[in-house]
Amino acid sequence: MTGRGILLTANLPQLQNLIKRDPDAYKEEFLQQWNHYNSSREIFQINPGDQAQHFRELITFISQVAQCYPQETAEFPSQLSTLLLESHGSLTPDTRKTLVQNLVMLRNKDVISSIQLLKSLFPLLPRTTSPSLRLVIRKTILSDIRTANLRTKNHKLNRAVQAMLFGMVERGMDAEVLGDKGKLRAAAGSSGERTTNGDDAMWAVIMTKELWKKGIWTDAKSVAIVALGCFHPAMKVQTASIHFFLGSDDDQENSDDEEEADVDVKALHHRREINKKTRSGDKKLRKQLKVAKKKKSKDDVVTPNFPALQLLNDPQTFAEKLFDKLNRYDKRFSLDHKILIMQLLSRVIGAHKLCVLGFYSYIVKYLTYHQLRIPAILVALAQAVHDLTPPDALTPIVRKLAQEFVHPGVGSEVIAAGINAIREVCRRQPWAMEEDLLGDLVEYRKSRDKAVTAAARGILQLYREVNPAMLKRRERGKDASMGLSVGRQPLPYGHSEGAAVDIAGLALLEDHLRKLREEETGKVEEPEAEDDEAAWEGWDVETDSESDSESEGWIDVESDGDDLEMSDSEDETLTKKPVPMEAEAQQNQNRGVDVGDHQAATKAVENGGGSRAKRKLAALEANKKAAETDTSANAFISESDILGPRKKAKADYAERLASIEKGREGRERFGSLKGKKKKAAPSSSTNREKARNKPVMMILSSRAVRGKKKASLREKQQKLRAHIERAKKAHH
């Protein structure tokens, strides 16, 4: 027995295998190793470098067999976690990696829960400096949460992790905002002290974004974590949080070193030309070029994060706090960061139709044509306008845009951008325009520049649809003039087309109450729609009887049908049921677009109804298109909508290289026939051919030329005879 114990204690893998087969038979040997582990742990805490390899082997052994002895190893996971968190700085990289791997192993064996594992791993993300260990921790956290929410949402785990992430973000909220420029930032940089108050919050935001991107978390709590990060004093946390809502990826948010840097395609090709040509090198080059192309195509497409914006809790307070931070720390933020905040603020205002009047007066100082990144600022301005924005707050902005951008002293591109910006603002709030200013802008449709003409025609077409009374009579167009003649007027500010007939969600509440009543009484209640149908049964019979009784003494006279107006809908019959109030409200909100009228007009055109039927169908389609544009009026716009159609912009370096490479395709037949193209086997020209084409000034001082000058008469005769002999052989 003693020999067996000595043998087994010296061979831990063998003992591990035997314990898994029969735990009870080898409990004594395990307890011996457990006591040895406790004594080694106490020594290791005093001197971490002493027998670290043997200590790691003991930890791995106990982790493998911990499920066989749950009572004896109850404190083992907490000991590993404490050792990893409290003595993290003094541990070697191998020891840290071993501790993390064994904690993951204990989780896979269900010795510890997911919450216990994540509480140990989350604090390690900002502390560790090893890229490989950080990557392991990151993947472990994501995979564990994904597995827990695979079939159904694990709300208990999600709430615990979200509370942990909230705490990580709130930990540094009391620090001072340094900004990314100014004296405070310079003083912090010159002191050389690395600020770590934002590392916890940064990793909380990164992990939340990853879980959102993978579709694991899609609730309002995860959005609230990132929304809190928008007000964090650390600039990297603030930038990463803002980019989450804008839908773009920021390179600064990936502070970990394992993230791939930008691939330099030109450097890859240059390195390939210099290094040795191998198949593995070609394969690696193709893989890197594929990754670079995929990354570039991914960066080109930027779509806003619509669901996250809609899930914001109390968007009005969020927008006010964001504008307060922008206005208070205006001198500490760089222009790029201020534009980021403007874009987020404008999209929140436009998506939720908020009222933050201070933002419009703040953005006025940036509305100059020589301002850097002015297209992005104009986009932010246009997105912050909606139909509930007071026109009094927007009229000075429209006037400022016209004074700065639309005058003869600037270029045509500036004028086009100014008119397009005014058009986008007035599309969302038409009452912000003044009548005399509109007339001046419309006159630019006679310009010689294509972009200016398109911009002026765009604003003219806009006001023909929304408010033609502000245009001159000759500029209104036929449809707008006919509409004004029949008394069609635009709705004033603050008015809506259809009155409210119902409360949103009231039908759901009624269904819920009906189900509760059914559960209490045990009787199935019929919906109200069926009751209405039952009440209208026999309506035709009653109407006919009443009409017969009332028509006594009257003479029926046939009508020619000239003065009688009939409905265009062929579906209308005598037994027509009344239209519910909800359907009428829906039709009123649809700008007068009736589905029956549209179908009847389409059928009339197909049956050869003539020009009148075609005009009616065109008018109905125009109304439908106008309704669709009204619903998408608050959609997010891009800088290309502000700049408009431009002439071909100056190409950058990459575009010029692509153009050159494209021009070289199919040009092989125009190339030189010297060298390998002239021979059957691929090869370059010989050294003799190269020497023949050398410039004379390069070979005057060569040894061969100087030797010819010093040659004797005998040597010259021999060379001449040899040349004659070679010539004779060549001819024969």
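Reader: Happy to start with a loop: where is Asp314 placed?
Author: Asp314 lies in the loop between α17 (306–310) and α18 (315–328). Bear in mind that this is a predicted model. The phi of Asp314 is near 55°, a positive value in a residue other than glycine.

Reader: What makes Asp314 partly exposed, rather than buried or exposed?
Author: Its relative accessibility is 40%. Buried means under 20% and exposed over 50%, with partly exposed in between, so Asp314 counts as partly exposed.

Reader: And what makes the phi of Arg373 worth a look?
Author: Arg373 has a positive phi of about 55° although it is not a glycine. Most residues other than glycine have a negative phi. Arg373 is placed in the loop between α20 (357–363) and α21 (374–383). With a relative accessibility of 37%, Arg373 counts as partly exposed.

Reader: Let's turn to the rings. How many aromatic pairs are there, and why is the pair of Phe30 and Tyr69 called stacked?
Author: The structure holds 16 aromatic pairs. For Phe30 and Tyr69, the ring centres are 4.3 Å apart and the planes are at 10°. Centres must lie within 6.5 Å for a pair, and planes under 30 degrees apart count as stacked, so this pair is stacked. The pair links distant parts of the chain, 39 residues apart: Phe30 is in helix α3 (residues 27–46), and Tyr69 is in the loop between α4 (52–65) and α5 (76–86). Both Phe30 and Tyr69 are buried.

Reader: How do you know that Tyr37 and Phe55 are stacked?
Author: The same test applies: their centres are 6.1 Å apart, within 6.5 Å, and their planes are at 10°, so the pair is stacked. Tyr37 in helix α3 and Phe55 in helix α4 are 18 residues apart. Tyr37 counts as buried at 0% relative accessibility, and Phe55 is buried at 2%.

Reader: What makes Lys321 a charge over a ring?
Author: The charged end of Lys321 sits over the ring of Phe231, 4.7 Å from its centre, and the distance limit is 6 Å.

Reader: Finally, which residues have the most contacts inside the largest nonpolar core?
Author: They are Phe122, Phe245, Leu344, Phe359 and Met433, in a core of 143 residues. Helix α12 (residues 199–213) gives the most to this core, with nine residues. Beyond its neighbours within four places in sequence, Leu344 is in contact with several residues, including Cys230, Ile242, Phe245 and Leu309.

Definitions and conventions:
Residues are numbered from 1 along each chain as its sequence is written. This is a predicted model: local features need pLDDT of at least 70, side-chain atom pairs count only at pLDDT 80 or more; totals for chains, interfaces and linings use all residues. Side-chain values use heavy atoms; hydrogens and water are left out. A nonpolar core is a set of buried Ala, Val, Leu, Ile, Met, Phe, Trp, Tyr and Cys residues joined through side-chain atoms within 4.5 Å. Buried means under 20% relative accessible area, exposed over 50%, partly exposed in between (1.4 Å probe, protein chains only). Helices (H or I, at least four residues) and strands (E, at least two) are DSSP runs, numbered from the N terminus. Contact means heavy atoms within 4.5 Å. Rings of Phe, Tyr and Trp (its six-membered ring) pair if their centres lie within 6.5 Å; planes under 30 degrees apart count as stacked, over 60 as edge-to-face and the rest as tilted. A charge sits over a ring if NZ of Lys or CZ of Arg is within 6 Å of the ring centre and within 35 degrees of the ring normal.
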